[in-house]
Amino acid sequence: MADYILEMRNITKTFPGVKALDNVQLQVERGEIHALVGENGAGKSTLMNVLSGIYPYGSYEGDIVYNGKVCNFHTIKDSEGCGIVIIHQELALVPYMTIAENMFLGNERANSGVINWNETYELAKKYLDIVGLKESPQTLIKDIGVGKQQLVEIAKALAKNAKLLILDEPTSSLNEEDSRALLELLLKFKKDGMTSIIISHKLNEVSYVADKITVIRDGCSIETLDKQVDDFSESRIIKGMVGREMSDRFPKREPHISDIKLEVRNWTAYHPLYSERKVVDNVNFNVRKGEIVGISGLMGAGRTELAMSLFGKSYGENISGELFIDGKEVKLNSVKDAIAHGLAYVTEDRKGNGLILSNPIKINTTLANLNGVSKNGIIDKDEEYNVASEYREKLGIKCPTVEQNVGNLSGGNQQKVLLAKWMYTDPDILILDEPTRGIDVGAKYEIYCIMNDLVAAGKSVIMISSEMPEILGMCDRIYVMNEGKMVAELKGSETSQELIMSHIIKTA
Amino acid sequence: MSKTKTLDFVKKYTMIIVLILVIGLFAVATKGTILLPMNVSSLISQNAYVFILATGMLLCILTGGNIDLSVGSVVCFTGAVGATLMVTYKVPWYLAVVIMLIVGILIGAFQAFWIAFVRIPPFIVTLAGMLIFRGLSNVVLNGMTISVKNCTTFVNVFGGGANCYIPDIFKFNGFNMTCMVAGAIATALFIGLQIKNRAARLKKHYEVEGAFSFWGKLVFISAVILAFSFRLSQHKGIPTVLVWVLLVIIIYGFITSSTKTGRYFYAVGGNEKATKLSGINTNKVYFLAYTNMGLLAALAGMVTIARLTSAQPTYGQNYEMDAIGSCFIGGASAYGGIGTVPGVIIGAVLMGTINLGMSLMGVDQNMQKVVKGLVLLAAVIFDVVSKRGGKLISKD
């Protein structure tokens with residue numbers, strides 16, 4: 001029998017309204033590199049959060065068996081105590097502290113609370129040598145690049161006596177060379193007997209480095225591929241990732257598509273902090289009246305950044321390019337301009353960027369168009385109540401009254417309030433960014449119906465989504481975006497998930 | 001009433017209940033002295049500056065729990081400027097008032113610029129302002145006191161001194177009928193408006209609050225207004241400063257509850273990113289909040305030098321703390337986005353009552369500070385914990 005360092009048995013994790021993990025199985029052999037692949041939102045990160053104790057014991061069902069013993073982790077400290085260390089996609093380093101200070105943060109080399117700096121620096125040096133980072137432990141984190149920061153994270157994990165290293169998208173922010181070096185490092189660790197779990201979108205890297213691959217889809221573990229037995233080609237992996245059946249999860253619609261409504265030419269935007277980094281790179285696309293256009297791509301492809309830079313330059317620096325509405329060039333320098341020109345951007349982050357959770361539905365509904373309910377700057381509260389109630393009925397927002405705080409609504413109903421807010425600005429072009437993220441199937445269907453109603457009324461809809469089935473099921477035309485560029489334009493009726501995925505992988 | 005209903009009621013009206021309890025407590029402890037007409041009257045004139053400053057502070061706090069530490073110094077500085085103009089340069093009082101207001105707005109705009117557009121933390125900017133304008137007050141006054149006793153019109157208009165009351169037209173002996181009539185008219189107006197509103201909403205089939213709670217509230221508030229006017233009538237009538245306070249309360253109460261501009265303050269404090277993405281210029285909202293604070297600080301400056309009939313470099317010390325305390329006790333959220341003008345006024349009255357009550361009881365000044373500090377702490381703990389669903393210890 002194989003020697004499993006870790007077995008996760010029948011893991012089920014439910015969030016209000018959504019089953020994020022459904023009876024997931026994962027078996028990791030000692031000393032192997034095990035890859036976890038799946039689409040965005042498939043449940044990979046949730047699974048790792050269960051493992052590391054971020055979702056404490058009791059908040060999920062199933063067993064975690066580590067070194068043959070069932071473990072109940074209540075906090076990250078518990079799992080780290082056993083040698084399970086997770087390195088997250090977003091690096092968690094303090095920029096104004098040194099490498100050594102960061103490595104031993106929360107794990108200080110100290111006697112009765114007094115830090116032993118000699119030991120700290122000595123140990124730091126030792127682990128930096130292991131990961132092959134030639135920097136002084138006293139260098140500030142902010143002074144080294146992302147690639148080196150990633151190595152610091154790994155050294156930090158080693159300093160915690162890691163036996164099982166989990167890396168979540170370790171190469172997503174690294175360049176070619178740094179990525180290669182990191183993978184070689186993992187292979188070297190493997191030789192020394194370390195077990196690693198790697199989560200990655202980059203299938204070429206996965207098939208290069210991994211011994212086994214477990215595919216997660218829709219919160220279920222689909223299959224585990226073994227390098228010795230199975231085909232490790234990208235197309236084989238993709239098939240596992242997307243191979244689900246399309247059913248009538250999407251309402252039918254007769255498209256009535258006419259003239260071009262919005263056209264974007266040579267649109268480029270730079271990162272607001274790292275001014276040399278192009279986040280949106282020479283993008284061209286258009287959307288017609290009555291059309292739903294999808295923008296597909298992986299997280300970090302620059303889709304949200306594109307949408308927000310178009311929407312009154314609410315993201316990015318040094319934005320250049322041309323924007324045409326109804327064939328006329330327009331300059332949208334503020335969100336106010338964008339709204340005035342009939343644009344609406346429904347954010348992917350409804351809690352962070354979209355709604356005021358502590359305020360009632362009615363106040364959220366009218367926020368982007370207060371002029372609609374006010375005269376001479378004075379708000380007609382009865383009118384406001386009416387407007388909100390109208391949308392509540394139209395969109396089927398389930399709540400006792402529109403006086404209720406949106407913070408108390410379910411995700412699906414919050415999304416509808418957000419849609420109501422933007423529909424009330426009477427836009428011609430709606431950009432919906434991940435409109436169905438984190439909401440249940442029934443509410444998704446209702447959102448799709450609202451989208452169909454909008455295009456039936458002659459509006460244009462741009463849907464950004466990481467969920468390929470909904471992109472395929474809803475869109476007339478699909479753009480594929482990767483690393484800031486539009487890499488493909490596909491007809492909705494003539495495409496498949498495999499085709500979209502291969503366009504993304506090809507350019508990765 | 002069921003248990004949850006009782007809890008909701010208590011949660012909604014906590015500070016009013018506390019205020020009633022505190023008044024009751026002091027009424028017993030001082031054997032009714034605190035309810036004497038003279039003391040009711042002095043509660044207003046002594047705390048007028050708190051009402052005015054707390055209203056302005058509310059706008060700052062609404063934008064995200066940001067406070068303005070400079071108001072005490074600005075009160076002193078505008079007062080010093082006004083007194084110097086009127087006494088040393090013999091500028092007519094109305095012109096001096098206009099200049100003081102302009103100076104207040106300019107100071108506010110100066111600080112607001114750094115806060116709103118350059119995004120220097122308000123704490124730092126206003127801490128600097130606190131030092132700057134305290135120092136400048138000394139410079140303007142040469143470290144001396146300027147008496148404004150002889151600027152009688154100014155003193156009367158802004159309600160300091162012994163005779164700063166609205167003149168009585170009826171002239172009954174020992175009872176100011178004008179005040180009582182004004183109180184009665186105010187009550188009638190209030191009741192009329194409330195009933196009209198409710199009827200209109202009922203007619204359009206809108207949701208209205210239950211009859212019991214509506215009439216209960218109506219009777220309670222009317223009774224408070226009437227009792228209050230009766231007490232003032234027994235003393236010398238309406239202190240002129242009350243007119244200014246009421247004006248500020250009504251104007252800002254209206255702005256915050258019923259205008260677009262008012263809505264923006266709440267929106268910025270509730271979720272700045274969402275507000276920005278709704279096409280609202282959030283920088284301007286911050287600018288407005290702090291500029292306005294300067295304006296109201298100037299008004300408080302006038303009230304202060306009028307009441308003390310002089311300007312001194314030490315005036316206005318800790319005024320910002322009174323204003324901030326009133327806001328938080330009155331239910332403003334330390335994270336912004338929540339708080340109302342009536343709530344803040346109740347907070348200020350509570351603070352003022354505690355002050356007055358303890359003074360009447362002869363409690364030591366230092367102990368008074370201890371009690372005020374504890375009340376403030378308790379109020380904010382209550383706010384934070386109740387928002388966390390009753391859990392005392394934070395786990396995030």
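Mentor: Before we start, two residues are in contact if their C-beta atoms, placed from the backbone, lie within 7 Å. This is a predicted model, where local features need pLDDT of at least 70, side-chain atom pairs count only at pLDDT 80 or more, and totals for chains, interfaces and linings use all residues. Residues are numbered from 1 along each chain as its sequence is written, and chains are lettered from A and ligands numbered from 1 in the order in which they are written.
Trainee: OK, what does the domain assignment of chain B give?
Mentor: Domain 1 takes 31-164 + 240-380, and domain 2 takes 166-238; such bounds come from an automatic or database domain assignment. Their centres, over C-alpha atoms, are 27 Å apart.
Trainee: And how many residues are in contact between domain 1 and domain 2 of chain B?
Mentor: Seven from domain 1 of chain B meet eight from domain 2 of chain B. On the domain 1 side, α3 (37-62) and α10 (240-258) of chain B each supply at least two residues, and α3(B) has the largest share with four. Helices are DSSP runs (H or I, at least four residues), as strands are (E, at least two), numbered from the N terminus.
Trainee: Switching topic: how many residues does the contact take from chain B and chain A?
Mentor: Chain B gives 20 and chain A gives 23.
Trainee: Which elements of chain B give two or more residues there?
Mentor: Those are α11 (260-270) and α12 (272-276) of chain B, with the largest share, six residues, from α11(B).
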